[in-house]
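Dear colleague,

Please find below the structure I promised to hand over. My notes on it follow.

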Amino acid sequence: MRDIEISRPGKVLFPDDGITKSDLARYYRRVATRAVPRLRGRPLMMERHPDGIGGKPLMQKNAPDYFPDWVHTAEMSKEGGTVRHVVCDNADTLVYLAGQASVTQHRWLSKADRPHDPDLLVFDLDPSGGADFEDVRWAASCVGGLLEEVDLPTRLMTTGSRGLHVIAALDRRADFDTVRDFARRVSRVLVSRHPDRLTDEPRKAARGDRIYLDIQRNAYAQTAVAPYAVRARPGGPVAMPISWSELNESDLAPDRWKLADMEALEKRLRGEDPWSEGTVRGRSVRAADRRLSVRAPEPRDERGR
């Protein structure tokens with residue numbers, strides 16, 4: 001473990017709460033044993049707030065040249081060139097990024113060694129229109145239930161913002177197009193079952209009060225907020241892994257655990273890790289798709305197509 005020097009440790013990043021850069025780095029050191037395994041091997045996008053969360057954020061993909069050599073990086077292709085992303089493989093890197101005012105880490109859904117073959121599938125569920133978090137909980141249970149039906153086990157996470165992520169582990173034997181097509185079929189089945197409460201309509205104006213089943217993160221170089229990441233919102237809410245049994249707890253909220261309430265956050269971190277069952281074996285999305293076709297064939301439109 002390195003002794004990471006935090007420049008301007010007293011710099012206040014969350015002005016309404018007095019949370020400093022040093023507080024942020026201390027939290028990430030504390031949570032590293034849980035957070036780093038969820039980041040290891042993955043390119044990151046850093047959400048930096050050098051002027052605090054009230055200033056303009058810097059969504060930074062490239063690792064600056066001044067980053068120390070022990071911060072691992074990976075050169076990833078993009079249209080017209082490459083980008084050198086940070087790969088957070090150890091606790092020291094996580095703390096160092098906090099010292100760079102990187103409040104939130106956003107991770108790829110694939111790893112740097114096979115960037116086109118995701119090992120994670122994510123459904124991003126947020127309230128829209130007149131919907132509220134109760135609707136998001138219900139939608140998450142629908143998504144998780146259908147994925148369980150096709151033998152694709154899932155994990156659940158609050159986003160620290162407004163909603164929940166339903167996450168499935170994959171075996172990296174399918175590319176992003178295949179994974180996204182499967183996710184789209186799952187969405188269509190669920191929308192056909194619950195057309196008044198769920199939608200796969202990307203246009204906000206067309207969603208009404210229905211929960212949007214957002215699958216757009218399932219693509220090359222797209223990111224999702226990392227487990228245990230702090231969000232750049234008042235109070236410093238944390239994207240927290242939870243168990244499925246916690247979904248219906250009365251006090252569950254997408255921003256339930258916050259840096260501003262370290263007593264409650266520390267109590268949570270002293271408890272059992274809800275994802276503590278170890279490494280979940282990635283499952284085949286192709287096999288899941290075949291099961292979906294048998295158990296819940298995609299609905300036809302009104303012309304029978």
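Against which helix and strands do the buried residues of helix 2 pack? In this predicted model, they pack against helix 1 (21-35), strand 3 (44-48), strand 6 (81-86) and strand 7 (102-108). The buried residues are D92, T93, L94, V95, Y96, L97, A98 and G99. Just after helix 2, A101 adopts a positive phi of about 60°.

Turning to the protein as a whole, there are 6 helices and 14 strands. The radius of gyration is 20 Å, close to the 19 Å that the globule rule gives for 305 residues, so the protein is as compact as a globular protein of that length. The C-alpha trace spans about 65 × 45 × 40 Å along its principal axes. Of the 305 residues, 52% count as buried. Where contacts link residues at least 6 apart in sequence, 70% of them join residues at least 24 apart.

Leaving aside residues up to four places away in sequence, F123 touches V143, L147, L164, H165, V166, A183, V186, S187, D214 and I215.

Finally, the accessible surface comes to about 14,200 Å², with 44% belonging to carbon and sulfur atoms. The protein has 51 positive and 47 negative charges, whose mean positions are 2 Å apart.

With kind regards

Technical notes
Residues are numbered from 1 along each chain as its sequence is written. This is a predicted model: local features need pLDDT of at least 70, side-chain atom pairs count only at pLDDT 80 or more; totals for chains, interfaces and linings use all residues. Side-chain values use heavy atoms; hydrogens and water are left out. Contact means heavy atoms within 4.5 Å. Buried means under 20% relative accessible area, exposed over 50%, partly exposed in between (1.4 Å probe, protein chains only). Helices (H or I, at least four residues) and strands (E, at least two) are DSSP runs, numbered from the N terminus. The radius of gyration is taken over C-alpha atoms; the globule rule is 2.2 Å times the number of residues to the power 0.38. Accessible areas come from the Shrake-Rupley method with a 1.4 Å probe; for residues, only the protein chains shown count as cover. Lys and Arg count as positive and Asp and Glu as negative; His and the chain ends are not counted. The place of a charge is taken as NZ of Lys, CZ of Arg, CG of Asp or CD of Glu.
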